[in-house]
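Have a look at the fold, then read on.

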Amino acid sequence: MSQKNSIKSNFIFNAIYQLTNILVPLVTLPYLSRVLHAEGLGEYSFAYSVAYYFYLFIRLGLHNYGNRTIAYVKDDSFELSKIFSEIYAFQFFMGIAMTVIYLGYSVFVAPRKELAIIFSLYVISGGIDITWALYGLEEFKVTSVRDALTKLLTALAIFAFVKENDDVWKYALIYSLGFLIDQIIVIPIILKRIRIIIPDILGVIAHIKPNLILFLPTVAVSIYKTMDKIMLGTMATEEELGYYHSCENVVYVPLALITALGTVMLPRMSNMISNKADKGKLDVVFEKSVSFAMFVSSSVCMGIMTVAKEFVPVFYGIGFDKCIYIFYIILPSCIFLAFANVIRTQFILPRKRDALFVVSLFSGAGVNLLLNALLIPHYAAIGASIGTLAAEIVVCIIQAAYVYKEANIGKNVVNSIPFLLAGILMFAIFFNYKPVIENAIMALIVKIVICGTFYMLLLGGMLGIKRLLKFNSIL
């Protein structure tokens, strides 16, 4: 993809990719919660979480390191092929090693061996997942089209074959096989852009250290994104894990757009910095990104919280009332995550300030791990939600504090106030409002329309007043 492709175009394609990546859990969750129930979803979530850790140890820090490195050299075809071959050689080696270890775990240690063995397909996918290279090349159209097709087929397969509460293994097989196919079909596309070169061993070794450095944040994030589910499964019950897993899949909706923005901007900002772009231009892009992230996080997250009482019984069915309270705790974390995501992908990582990134995420992971250990035994899924919220707050504050002056954090916080205030007032005013409509689905739709209209009118009014005040100050 040429540099002429706009940020807007890249964002749209990556947003499609991120949204379709959560399409299966989001569209199928109402069906699965009624068929597998909270306990079945808990079994699936525990087995998946363990497999995910092995997948992480194969990929290491490639999501950020591979993406950024490819973006720096994508204009030099020989250097691009050389760097890709060196990075992938180490990934392939890790894929073989981790798959062998995981199979040993599945046969001798796993509490549900059948599920663990099925998820070996997911672990194998880690050895051939080269999405990081596509991101570095800014080939977002490829990833979005690929993912949309495979996820659609996966969703159809779930509705067709998962029929009873003991069909958890079928759900795991469909998801894992779909994910594996997702990785295989892009290999020919990469081979059209990149020529495979037999890598020099010293060249491979040179990428290990920086890759491992950017793997540390991945480990830290996994502590409060994946380890909390493993801790819930061992310290509480699979039913509690099912509640938490169900809520998490809905939270991924606003995060998909925020993640799409960060994924698109990391290679673009890295390339701009490597070409010594004007600082003023970089600052403008940063400020616009913060405003967009605050708009998405405040509107969608506060919106879901506002309609949670109507949404949960309609979406999940009977027996998931606890999800309402989990939403109230975990959704505000998206606002802090959104702000930190812009700082991370558009300021810290493009400028290779990896140490700051590592410190901030491990600080959040430490807080999360401590709170999980203290709260999960007493409050189960509620305790895990509190730990996640605290972790995101800590990460955001540390990253913002370190780049406060350079990134004009104070100005960007002030610019975020209208979005946050509109969301908070929407929640406060309509929190207990219930439309006088017997049909639960229609009542939910009406409340969404009313709350959304209120938010947009209030936000529009505040932004209008802000522009007027700014105009008068110029005069």
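## Two helices side by side

Helices α15 and α21 run roughly parallel to each other, a label for angles under 35 degrees. Their axes, lines fitted to C-alpha atoms over the stretch in contact, come within 9 Å and cross at roughly 10 degrees. Helices here are DSSP runs of H or I, at least four residues, numbered from the N terminus.

This is a predicted model: local features need pLDDT of at least 70, side-chain atom pairs count only at pLDDT 80 or more, and totals for chains, interfaces and linings use all residues. Residues are numbered from 1 along each chain as its sequence is written, and side-chain values use heavy atoms, leaving out hydrogens and water.

Where do α15 and α21 meet? Contact means heavy atoms within 4.5 Å, and the residues involved include these:

| Helix | Residues | Some contact residues |
|---|---|---|
| α15 | 279-306 | F286, V290, M294, F295 |
| α21 | 409-430 | F419, L420, I424, F427 |

## Cores and overall picture

The largest nonpolar core has 113 residues, with F119, F311, Y316 and F327 making the most contacts inside it. Such a core is a set of buried Ala, Val, Leu, Ile, Met, Phe, Trp, Tyr and Cys residues joined through side-chain atoms within 4.5 Å; buried means under 20% relative accessible area with a 1.4 Å probe, protein chains only. Helix α3 (residues 37-59) gives the largest share, 13 residues. F119 touches Y44, Y48 and Y102, among others, not counting residues up to four places away in sequence.

Overall, the protein has 22 helices and zero strands, and 57% of its 475 residues count as buried.

Notes
Axes fitted to C-alpha atoms, helices over the stretch in contact; angles between N-to-C directions. Parallel < 35°, antiparallel > 145°, perpendicular 65-115°, else oblique. Buried < 20%, exposed > 50% of the residue type's maximum accessible area, 1.4 Å probe, protein only.
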